[in-house]
Amino acid sequence: MLSNIGDILEKFGKLKESLDYYDQAYKTATHENKKKEESIKATLLKKMGEVNMLIGNLDTALNLFDDAWKIFKNSDLSPSAAAEIHYLMGLTYEKNQDYEKALKNFIYAQAELEKHEPSSVSLLELYFKISKIQIEKFEDEKAAKENLEKAIKLNSQLFGEKENDSVKKLRELLNEEK
């Protein structure tokens, strides 16, 4: 119940208040099944990390994500949960302008999704995010192009031949470079 209130407050932009409810929910989380209790706690840590990231407490966010990851990796972690934590860590490192760690976490998330959810919009977003950092921060055109080509291919699989203007422009840029 406390977690649900935190979710509602977060959606209404009352971020600091949502943290209080998530924290209370974390401290009082119990379940007869120990694994379920750990999963609940890890999810709450992830939510607190997200809110801290949004309000600019980046170090706190990273610590919370790391704590959530430690719990999840020792449990029956779903690949999408692993990908989500690493994606959020990547976003936080990116906000902190630590592009090397951001890229590392995005690539981890990408690998998890490619193995387990190869036709997801989340993976499409990661291809774009990774290629942007590769080209803008590391000037790695070859790797960026590979990810953009994967993005275009996945976009076609997900949405058929209907391409939005951004994907058409990317295709034009890739063809110009060849």
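Student: Is Glu-37 buried or exposed here?

Tutor: Start with the cut-offs: buried means under 20% relative accessible area, exposed means over 50%, and partly exposed is in between (1.4 Å probe, protein chains only). Glu-37 comes out at 12%, so it counts as buried. Two things to keep in mind as we go. This is a predicted model, in which local features need pLDDT of at least 70 and side-chain atom pairs count only at pLDDT 80 or more, while totals for chains, interfaces and linings use all residues. Residues are numbered from 1 along each chain as its sequence is written, and side-chain values use heavy atoms, leaving out hydrogens and water.

Student: Which residue forms a salt bridge with Glu-37?

Tutor: The general idea first: side chains of opposite charge can pair when their charged atoms come close. The cut-off is a side-chain nitrogen of Lys or Arg within 4 Å of a carboxyl oxygen of Asp or Glu. For Glu-37 the partner is Lys-34, with the closest N and O atoms 3.8 Å apart. Lys-34 is exposed at 53% relative accessible area, whereas Glu-37 is buried. Both residues lie in helix α3 (residues 34-55), 3 residues apart, which is about one turn of the helix.

Student: How many salt bridges does the structure hold?

Tutor: There are 11. Take Glu-84 and Lys-46, whose closest N and O atoms are 3.2 Å apart. Glu-84 sits in helix α5 (residues 79-95) and Lys-46 in helix α3, so this pair ties together parts that are 38 residues apart in sequence. By accessibility, Glu-84 is partly exposed at 34%, and Lys-46 is buried at 11%.

Student: Where are the partners in the Lys-150 to Glu-114 salt bridge, and how far apart are their closest N and O atoms?

Tutor: Those atoms are 3.6 Å apart. Lys-150 is in helix α8 and Glu-114 in helix α6 (residues 99-116), so to speak a link between distant parts of the chain, 36 residues apart. Lys-150 is partly exposed at 35%, and Glu-114 is partly exposed at 32%.

Student: Which residues gather in a patch of negative charge on the surface?

Tutor: Patches take residues with over 30% relative accessible area and no salt bridge; like charges are joined within 9 Å, and nonpolar side chains (Val, Leu, Ile, Met, Phe, Trp, Tyr) within 5 Å. Here the patch is made of Glu-139, Asp-140, Glu-141 and Glu-146. Glu-146 belongs to helix α8 (residues 141-159) and is partly exposed at 42%. Glu-139 lies in the loop between α7 (121-136) and α8 and is exposed at 68%.

Student: What about the backbone at Glu-139: what is its phi?

Tutor: Most residues other than glycine have a negative phi. Glu-139 has a positive one, near 50 degrees. Gln-97 is positive too, with phi near 60 degrees. Gln-97 lies in the loop between α5 and α6, and its 59% relative accessibility counts as exposed.

Student: How many helices and strands does the protein have?

Tutor: Helices (H or I, at least four residues) and strands (E, at least two) are DSSP runs, numbered from the N terminus. The protein has 9 helices and 0 strands. Of its 178 residues, 41% are buried.

Student: What can I read from C-alpha distances, say for Gly-13 and Val-51?

Tutor: Gly-13 and Val-51 are 38 residues apart along the chain, with 9.8 Å between their C-alpha atoms. Gly-13 is in the loop between α1 (2-11) and α2 (15-28) and is exposed at 51%. Another case is Lys-104 and Met-89, 15 residues apart in sequence and 9.6 Å apart in space, C-alpha to C-alpha. Lys-104 lies in helix α6 and is exposed at 63%.

Student: Where is confidence lowest, and where is it highest?

Tutor: pLDDT is the predictor's confidence in each residue, from 0 to 100. The protein averages 88, and 89% of the residues score at least 70. Confidence is lowest in helix α9 (residues 165-177), at a mean of 63, and highest in α6, at 95. Where pLDDT is low, the predicted coordinates should not be read in detail.

Methods:
Accessible areas come from the Shrake-Rupley method with a 1.4 Å probe; for residues, only the protein chains shown count as cover. Lys and Arg count as positive and Asp and Glu as negative; His and the chain ends are not counted. The place of a charge is taken as NZ of Lys, CZ of Arg, CG of Asp or CD of Glu.
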